[in-house]
Amino acid sequence: MQLERILQKHGFGTRKACRAMIRDERVTVAGSCLDDPFADLPTDGLVFAVDGVDWPYCEFASLLLHKPAGYECSRKPQHHPSVLELLPLPLRERGVQPIGRLDEDTTGLLLVTDDGQLNHQLSSGKRKVPKVYLVTLKHPLDAGQIDQLLAGVLLHDEPVPVAAAAAEIVNDHQLRLTVTEGKYHQVKRMVAAVGNRVEALHREALAELVLPPDLAPGQWRWLTAADYHNLGVAR
């Protein structure tokens, strides 16, 4: 693929702007400056650098982000900054978007991609992808509430009870809850239905993919082959 097209695909602007970047000697490959916008490069395993920052060639940009509180999972936020503002501009220009949504005050594992197929695979209600949350509660937790959550609770506007796939007591005020649906404010509504209240909500895992302990709030990394395996999708 021509170098200018590679840059354009990765969100570095129009082809004209990308040509100018290349001619200004801002692009390197394997440590060597490339000043020919029309140079053909093999894309398999390609890593190029713009202004000294490395970028792997990716047909699709798929990322794992540790969402902090205070951000909305929307490209057009209403009351708080978009979580996408935590990403470099070229990624935002590619049109990436969150897979599913976490509330503004919810933290933890969030996937972001411009891969429509991956988004559909993981957000489709038919697949019932497990989502694991650490829930901090206002009132002390008891075994009766766990039993209710596992048996199923009736939520407003839902025709049948909604049950947790798993629920365990972490301590008096913390619960680890696994759900497989993606209903609006589901965890908060389920907890309210058993007479308690969510004070803090943190997503720890999606399917078998666990939020890395060394990924600080606001940080992100590319999805790896192992991550796709843990998500149960082929790539």
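I looked up the second largest pocket and found that Cys58, Glu59, Phe60, Ser62, Asp115, Trp222, Leu223, Tyr228 and Arg235 line it. A pocket is an open set of points on a 1 Å grid over the protein atoms alone, where a 1.4 Å probe fits, with protein on both sides within 12 Å along at least five of seven lines, and lining residues have an atom within 4 Å of a point. I noted that the model is predicted, that local features need pLDDT of at least 70 and side-chain atom pairs pLDDT 80 or more, and that totals for chains, interfaces and linings use all residues. Residues are numbered from 1 along each chain as its sequence is written, and side-chain values use heavy atoms, with hydrogens and water left out.

I then recorded a volume of about 150 Å³ for the second largest pocket, where a volume is the space filled by probe spheres set on the points, which are joined across faces, edges and corners.

Next I turned to the largest pocket, which holds about 800 Å³ of space. I found 33 residues lining the largest pocket, and Gly100, Arg101, Leu102, Asp103 and His185 are the closest to its centre.

Last, I searched the whole structure for disulfides (pairs of cysteine sulfur atoms within 2.5 Å) and found zero.
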